[in-house]
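Student: I have a model open on my screen. Can you show me how to read it, feature by feature?

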Amino acid sequence: MTELGRGFTKQELNFVKEQKKHCVKNAGNTHTKDSYILNRKEFKNIKKFLNTHCKNYLDTVICPKNNLELYITQSWLNYTEANEFHHKHNHPKSVISGVLYFDSDIKNDKIIFSKPGYQQIKAITDNTKFNLWNSDTWFFSVKTGVLVMFPSSTDHQVDTKKDKNTRISLAFNTCYKGTIGSNTGLTELIL
């Protein structure tokens with residue numbers, strides 16, 4: 001997680017407010033019809049910030065050997081009202097996904113991640129000290145201006161919203177540009 005490091009501009013907030021009029025229903029909440037929202041001029045500086053953090057994620061987490069970059073493919077705004085939720089899902093056809101929170105209450109709003117699959121035998125007892133490696137789910141409280149990035153294959157969700165504000169987030173997907181794999185290992189893929 002990282003923070004934007006500044007407040008959102010009036011132009012950005014007005015654009016977010018205007019986009020709420022152009023939404024479609026999702027399973028539990030709504031999102032913008034425009035699924036390339038970061039291509040809009042109003043989000044020029046937001047896109048620059050996100051591109052910087054995509055590069056940071058690539059360089060510090062993925063650490064590719066080849067000359068590779070992450071580029072943002074789709075992007076959209078989510079609006080979650082009281083008694084709405086964001087269903088459990090992941091992001092196929094994407095490498096890394098991210099969420100930037102425009103309006104979020106750190107006391108009540110969190111993103112929940114889940115470990116996929118079935119584990120036949122667990123060594124969990126009533127006295128287990130839970131951590132990221134032995135937990136089936138984990139969550140992070142989020143506040144306005146926070147960016148969360150994660151592997152797109154990670155299942156995630158948002159529980160039913162209890163408070164009255166509208167939680168607003170900008171979500172995005174990415175893909176590689178460049179060469180991955182190995183020519184001599186016959187796994188090379190040029191994107």
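Student: Is K25 buried or exposed?

Tutor: Start with the cut-offs. Buried means under 20% relative accessible area, exposed means over 50%, and partly exposed lies in between (1.4 Å probe, protein chains only). K25 has a relative accessible area of 57%, so K25 is exposed. One caution: this is a predicted model, where local features need pLDDT of at least 70, side-chain atom pairs count only at pLDDT 80 or more, and totals for chains, interfaces and linings use all residues. Residues are numbered from 1 along each chain as its sequence is written, and side-chain values use heavy atoms, with hydrogens and water left out.

Student: Which residue forms a salt bridge with K25?

Tutor: The rule: a side-chain nitrogen of Lys or Arg lies within 4 Å of a carboxyl oxygen of Asp or Glu. For K25 the partner is E84, with the closest N and O atoms 3.6 Å apart. This pair links distant parts of the chain: K25 is in strand β2, E84 is in the loop between β4 and β5, and 59 residues separate them. E84 counts as buried, at 17% relative accessibility.

Student: How many salt bridges does a search of the whole structure find?

Tutor: The search finds 11. Take K143 and E3, whose side chains meet at 3.3 Å, N to O. K143 lies in the loop between β8 and β9 (146–151) and E3 in strand β1 (residues 2–3), so the pair ties together parts 140 residues apart in sequence. K143 is partly exposed, with a relative accessible area of 32%. E3 is also partly exposed, at 46%.

Student: What about E81 and K20?

Tutor: Their side chains meet in a salt bridge of 2.4 Å, N to O. E81 is in the loop between β4 (68–80) and β5 (86–89), K20 is in the loop between α1 and β2 (23–25), and they are 61 residues apart. E81 counts as partly exposed at 25% relative accessibility. K20 is partly exposed too, at 37%. Salt bridges can also form a network, and here one links D109, K161, D163 and R167.

Student: How many helices and strands does the protein have?

Tutor: Helices (H or I, at least four residues) and strands (E, at least two) are DSSP runs, numbered from the N terminus. The protein comes to two helices and 12 strands. Along the sequence, the pattern reads β-α-β-β-α-β-β-β-β-β-β-β-β-β.

Student: How do I read an aromatic pair?

Tutor: Two values describe a pair of aromatic rings: the distance of the centres and the angle of the planes. Rings of Phe, Tyr and Trp (its six-membered ring) pair if their centres lie within 6.5 Å; planes under 30 degrees apart count as stacked, over 60 as edge-to-face, and the rest as tilted. This structure holds six such pairs. One of them, F15 with F43, is edge-to-face: 5.0 Å centre to centre, 85° between the planes. F15 lies in helix α1 (residues 10–19) and F43 in the loop between β3 (30–32) and α2 (44–62), so the pair ties together parts 28 residues apart in sequence.

Student: Are F15 and F43 buried or exposed?

Tutor: F15 is buried, with a relative accessible area of 6%. F43 is buried as well, at 0%. Ring pairs link F8, F15, F43 and F102 into a cluster.

Student: Which ring does the charged end of K110 sit over?

Tutor: A charge sits over a ring if NZ of Lys or CZ of Arg is within 6 Å of the ring centre and within 35 degrees of the ring normal. K110 sits over F139, 4.5 Å from the ring centre. K177 lies over the face of Y71, at 4.7 Å.

Student: Which residues form a nonpolar patch on the surface?

Tutor: Patch residues have over 30% relative accessible area and no salt bridge; like charges are joined within 9 Å, nonpolar side chains (Val, Leu, Ile, Met, Phe, Trp, Tyr) within 5 Å. Here M1, L132, W133 and F140 form the patch, with about 500 Å² of accessible area together (Shrake-Rupley method, 1.4 Å probe; only the protein chains shown count as cover). F140 lies in strand β8 (residues 137–141). F140 is partly exposed, at 31% relative accessible area.
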